[in-house]
Amino acid sequence: MEAEGQPRGAPLACGALGSFDRGRVERIARSLGGGLAPVHEDENSILMLDRKPLEWSGTGGRGLAWVAGARWRGGAERWSDAARQGACGLAISGSPFVHSAIDGLLPVYWLDDAGAAYFATRLEPLARSVPGRLSVDWDAWSSTFLLRYPLGDRTPFAEIRRLPQHSTLCRREGRTMVESPSWPWAAIHPDRSPSAAAEAAIEALRESTRALGDGVICPLSGGRDSRILLQLLVEHEQAGAALTVGDDAGTGREEDLASPVADALGVRHEVLAPTAADYPDDWALRAERVEHQFVDHAWLAPLARCLDGVSAPVVDGFALDVWMQSGNRFYDPESLEPGVRGRDLLFDRLRRYGKAQLAFAEPLREPLLARVREQFLVQVDHYTGHPSQALLSLYATRSVRGVGRYPIGLLGHRASVIVPGAADAFARAALSADPLEKAPHRMYDHILARFGRIGAMPTTNDAPRRKPTLPRRWRSEPAVAMYRDLLSEGPLAEHLAPELRAWLENPNRGELSGDLRLGMEAIGLFHHWWRRYRPLLSEPLVEDLRG
């Protein structure tokens with residue numbers, strides 16, 4: 001966690017390598033929101049931060065770092081040691097370079113221009129610093145449409161890239177270069193039983209939460225991850241409050257499952273009840289804070305508003321389900337199988353809850369699907385054959401590029417969010433058991449069995465679903481009016497499926513299929529981004545979306 005007195009929220013950092021324009025770096029810093037100051041500058045590099053840098057030095061050089069989602073323990077002797085603690089940074093001994101964290105959570109965006117590589121922890125300041133026009137990255141958007149997030153290092157702008165996890169960015173011989181040494185988590189091969197791995201995992205979670213102090217806030221869903229974290233906070237008398245917001249499914253399921261857990265643990269519980277009138281503002285807030293790189297509706301925006309500026313740390317259950325293999329949503333014996341077949345099946349599992357291409361006019365559907373499948377297979381190819389192939393592939397794609405935008409971008413915009421599931425010790429522990437042996441949820445069973453009553457309470461993983469009986473914000477009149485407006489003007493307005501267009505225009509509309517809803521959210525996100533950045537963009541050619 002940040003040192004006492006440091007700003008709340010994910011760190012803001014920017015800088016440059018090479019023959020940089022200092023005035024441009026200063027403009028990027030101002031665009032990040034103010035409060036940034038130079039913490040290092042020489043003829044080949046500059047770094048500006050909104051807080052005191054974390055310093056490391058040793059046999060591997062010297063550097064300045066910033067961290068989000070984890071506590072800094074110090075003692076790093078090289079950049080890879082800092083990265084294992086969840087830190088990004090600038091190495092300043094010898095030829096300077098920027099590095100990302102092992103977990104990939106905190107973005108480092110960069111662009112190459114006029115003899116320098118400029119970087120920042122947020123996308124918009126870089127985009128607005130470019131003197132010329134920017135281009136739509138249709139590979140990034142095609143993946144965002146169908147998988148909900150970009151793949152690899154792509155961003156919505158073709159000229160701007162994101163540094164992959166555990167990678168470095170440098171200027172060498174007049175060129176900007178990215179190097180990605182072997183990801184340490186991919187070097188772990190299973191050698192423990194599921195129960196032994198679970199014991200190591202729970203100890204790693206305790207270590208991540210133990211030093212947070214008291215009054216910690218825990219967003220509490222109806223699932224297993226958040227109740228595990230809340231239980232650990234209660235054990236050490238650290239829990240301040242539990243917060244629950246409904247998932248807008250019209251059943252009250254999250255609230256109904258979370259409340260008994262908070263009551264059993266004796267933790268103050270608050271249920272957030274947002275209004276339909278607030279939905280358009282909540283949707284826009286969510287879109288902007290995830291930097292238009294994760295498709296979803298606005299259900300977590302009220303929680304983000306509640307957390308903005310809170311002084312207590314917040315814990316988030318990000319990635320626990322990935323490493324401990326929650327149910328069969330993405331994992332089953334076939335997709336867990338190492339090899340080409342398992343890799344191909346994982347792509348299908350990732351799309352089983354929504355085939356968003358059906359929201360597009362028919363001529364775009366098959367080209368979109370083929371384009372995204374090819375991208376995905378390329379991105380995960382280097383994990384093919386690894387015993388933990390499916391887990392590594394899922395984390396490196398969906399977790400890093402999609403869901404990770406929530407704890408760091410949405411919830412962690414102005415709050416200090418700690419993410420124990422992305423800690424190096426936890427990932428190593430969970431990966432130490434063979435995926436086929438711990439399927440479908442043996443690690444969860446082992447951990448929850450130790451928690452007595454709350455471990456036996458129903459969760460979203462096993463409680464039966466009910467038919468919707470409550471109003472749903474995403475289908476309210478303010479929401480539908482917003483979607484209708486978003487989809488009516490923009491590059492894809494003429495390429496909607498007739499079924500989606502008819503639903504939007506029908507005053508007596510009924511249910512909307514999951515496929516069309518996901519596509520509606522995706523196209524709406526693209527049009528919202530296009531409107532925001534239209535003055536910066538070259539005219540997009542939708543024909544390029546076909547590849």
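**Labels and their cut-offs**

Student: Why is Pro131 called exposed?

Tutor: Pro131 has a relative accessible area of 73%. Exposed means over 50%, buried under 20%, and partly exposed in between, with a 1.4 Å probe and protein chains only. Since 73% is over 50%, Pro131 is therefore exposed. Keep in mind that this is a predicted model, where local features need pLDDT of at least 70, side-chain atom pairs count only at pLDDT 80 or more, and totals for chains, interfaces and linings use all residues. Residues are numbered from 1 along each chain as its sequence is written, and side-chain values use heavy atoms, with hydrogens and water left out.

Student: Where is Pro131, and what does Pro131 touch?

Tutor: Pro131 sits in the loop between helix H3 (123-129) and helix H4 (138-147). Helices are DSSP runs of H or I with at least four residues, strands are runs of E with at least two, and both are numbered from the N terminus. Leaving out residues up to four places away in sequence, Pro131 touches Arg24 and Asp113; contact means heavy atoms within 4.5 Å.

Student: What makes H4 mostly covered?

Tutor: The count does: 10 of its 10 residues are buried, among them Trp138, Trp141 and Phe145. The cover over them includes helix H11 (340-350), helix H12 (362-380) and helix H21 (514-533).

Student: What is found at the start of H4, and what follows H4?

Tutor: At the start, a side-chain oxygen of Asp137 comes to within 3.0 Å of the backbone nitrogen of Asp139. After H4 comes Arg148, with a positive phi near 95 degrees.

Student: What makes a set of residues a nonpolar core?

Tutor: The members are buried Ala, Val, Leu, Ile, Met, Phe, Trp, Tyr and Cys residues, joined through side-chain atoms within 4.5 Å. The largest such core here has 177 residues, and Phe145, Trp185, Trp323 and Tyr395 have the most contacts inside it. H21 gives the most to this core, with 10 residues. Apart from it lies another core of 14 residues, including Trp72 and Ala91.

Student: How do you know that S6 and S7 pair?

Tutor: Two strands pair if DSSP finds at least two bridges between them. Strand S6 (residues 87-91) and strand S7 (residues 97-99) have 3 bridges, in the antiparallel sense, so they meet that definition. Ala91 has Phe97 in S7 as its bridge partner.

Student: Why are S4 and S12 at the edges of their sheet?

Tutor: The open sheet has 6 strands in the order S4-S5-S6-S7-S11-S12, with antiparallel pairing. Strand S4 (54-58) and strand S12 (175-179) each have a single partner strand, so one side of each is left without a neighbour in the sheet.

Terms used
Polar contact = N/O pair within 3.5 Å; in protein donor to acceptor, adjacent residues only side chain to side chain.
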